Amino acid sequence: MSNNTKAILSKTARIWLLFGILFLAINLRPALSSIGPLIDDIGRDLNLSESLLGLLTTLPLLAFGFISTITPFFTKKFGLGRTLLASMVLLTLGILIRSSGGVFALYFGTMLLGIAIAFGNVLIPAITKSNFPNKAGLVTSLHSASMSLGAGLAAGLSVPLAKNLNLGWRGSLSVWAALAVMAFFIWIPQIKKIKNTTPTRGLKEAMKKLSSSRLVWQIAIYMGLQSFAFYVMLAWLPSILIDYGYNAEFGGWMLSLSQATGILGALIIPIWAASRKDQRAVVAFLILFEIISFIGLMLPAFIPIYIWVSILGFVLGGAFSLALLLIVLRAPDSETAAELSGLVQSIGYFLAAIGPFLIGVIQDFTKEWMYSLGLLVLVAIYKLIAGLQAGKAQKV
């Protein structure tokens with residue numbers, strides 16, 4: 001199919017392409033969010049410290065950082081669609097290997113699934129730019145909401161699958177491979193519908209140009225610090241609640257609640273932000289309530305914990321979708337969008353990778369969540385500074 005034909009896809013074909021994108025998106029978080037509620041079981045079974053358990057979330061983020069930079073190399077060679085198809089194969093393998101054995105399999109499989117998810121993280125915004133340029137806010141909101149939906153389902157079902165169905169933590173984690181297999185077959189017929197652009201420059205040239213832009217670094221820092229907070233909560237929220245006296249199943253459902261309210265944030269915030277030329281007010285709104293929520297988690301006796309969890313989920317889900325939207329809005333064309341998405345997410349996820357491991361180290365030394373939550377407040381303040389710059393109406 002030629003590019004001209006792709007440009008005039010029927011309404012039905014565009015709907016199916018959007019459905020394929022959203023089904024890919026729903027696969028980008030279950031392999032990660034299913035870990036948190038089971039983290040104590042994994043630690044006991046394999047005799048791992050909290051620092052080593054933190055690496056289970058840090059490793060995928062490091063993979064995101066490494067792979068995001070070179071993703072445009074694969075897309076220039078194989079195309080967006082085929083690269084995403086291969087990522088679903090790798091995601092399936094990573095999930096199954098992680099669940100198959102001992103410590104080595106756990107970490108090796110985690111690294112593989114992190115590489116697979118990195119491709120999806122980078123390429124879906126690029127597909128949005130090329131195939132839905134006039135609906136960027138709506139498609140980004142649906143894409144982000146699908147990711148939150150997948151995360152919420154996995155977080156809420158992990159403990160019931162492990163204990164109520166007697167699958168154990170390995171069986172519970174392996175279930176999500178089935179979702180990736182479904183995405184593989186759903187995506188195959190969508191590949192020919194994607195509007196690919198002919199590369200106009202080499203990857204080295206593009207990265208050199210983008211990395212010299214102050215705006216690119218501001219977007220990257222904003223996204224990285226958003227992901228820092230998100231993945232800390234993904235990894236450690238159940239443990240925080242267990243230390244506050246709640247049981248593991250309650251911790252899993254509270255993580256699921258945060259992802260559910262994250263769906264609302266992911267749906268609402270991009271549409272609001274896309275309706276404005278300047279997104280600084282949206283940035284300030286989200287970070288204000290993020291700081292309030294972290295302070296609330298430090299003082300759980302005063303207001304029910306689910307209030308803070310709900311608000312935090314909403315603002316973190318909204319902030320992530322806003323970061324993706326900023327990539328789309330600040331890129332002048334789809335080729336730049338893919339390159340910008342790769343570089344921004346590479347820098348951002350290297351920043352984010354520090355979070356879960358650092359919190360694990362802090363907990364090993366202090367055994368007190370007040371210090372970790374206080375650090376997240378400081379991170380949010382610095383994120384506000386970067387976000388207010390990234391939110392200005394401008395192009396890379």
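Because the model is predicted, local features were taken only at pLDDT of at least 70 and side-chain atom pairs only at pLDDT 80 or more, whereas totals for chains, interfaces and linings use all residues. Residues are numbered from 1 along each chain as its sequence is written, and side-chain values rest on heavy atoms, with hydrogens and water left out.

The model contains 4 salt bridges, a salt bridge being a side-chain nitrogen of Lys or Arg within 4 Å of a carboxyl oxygen of Asp or Glu. One of them joins the side chains of Asp45 and Arg170, with an N to O distance of 3.1 Å. This pair links distant parts of the chain, with Asp45 in helix α4 (residues 39–46) and Arg170 in helix α9 (residues 168–174), 125 residues apart; helices here are DSSP runs (H or I, at least four residues), numbered from the N terminus. Asp45 is partly exposed at a relative accessible area of 44%, and Arg170 is likewise partly exposed at 28%, where buried means under 20% relative accessible area, exposed over 50% and partly exposed in between (1.4 Å probe, protein chains only).

A further salt bridge is formed by Lys383 and Glu290, whose closest N and O atoms lie 2.7 Å apart. It also connects distant parts of the chain, since Lys383 belongs to helix α17 (residues 369–390) and Glu290 to helix α14, 93 residues apart. Lys383 is buried, with a relative accessible area of 0%, and Glu290 also counts as buried, at 2%. Arg280 pairs with Asp278, again with 2.7 Å between the closest N and O atoms, and Arg280 is partly exposed at 34% relative accessibility.

Lys383 is also among the contacts of Gln226, which touches Leu316, Ala319, Phe320 and Lys383 when residues up to four places away in sequence are not counted; contact means heavy atoms within 4.5 Å. Gln226 lies in helix α12 (residues 214–243) and is buried, with a relative accessible area of 0%. The C-alpha atoms of Gln226 and Gly318, 92 residues apart along the chain, are separated by 9.9 Å.

Helix α14 packs against helix α13 (residues 248–274) at an angle of about 150°, with the axes 9 Å apart. The axes are lines fitted to C-alpha atoms over the stretch in contact, and the angles run from 0 to 180 degrees between N-to-C directions. The two helices are therefore roughly antiparallel, a term applied to angles over 145 degrees. Ile269, Trp272 and Ala273 of α13 make the contact with Val282, Phe285 and Leu286 of α14.

Most residues other than glycine have a negative phi. Asn47, in the loop between α4 and α5 (50–78), has a positive phi near 55° and is exposed at 69% relative accessibility. Asn166, in the loop between α8 (136–164) and α9, likewise has a positive phi near 55° and is exposed, with a relative accessible area of 66%.

Ile295, Leu299, Phe302, Ile303, Tyr306 and Ile307 form a nonpolar surface patch with about 560 Å² of accessible area together. Such patches are made of residues with over 30% relative accessible area and no salt bridge, nonpolar side chains (Val, Leu, Ile, Met, Phe, Trp, Tyr) being joined within 5 Å, and areas come from the Shrake-Rupley method with a 1.4 Å probe.

Conventions
Patch = residues over 30% accessible without salt bridge, like charges linked within 9 Å, V, L, I, M, F, W, Y side chains within 5 Å. Parallel < 35°, antiparallel > 145°, perpendicular 65-115°, else oblique.
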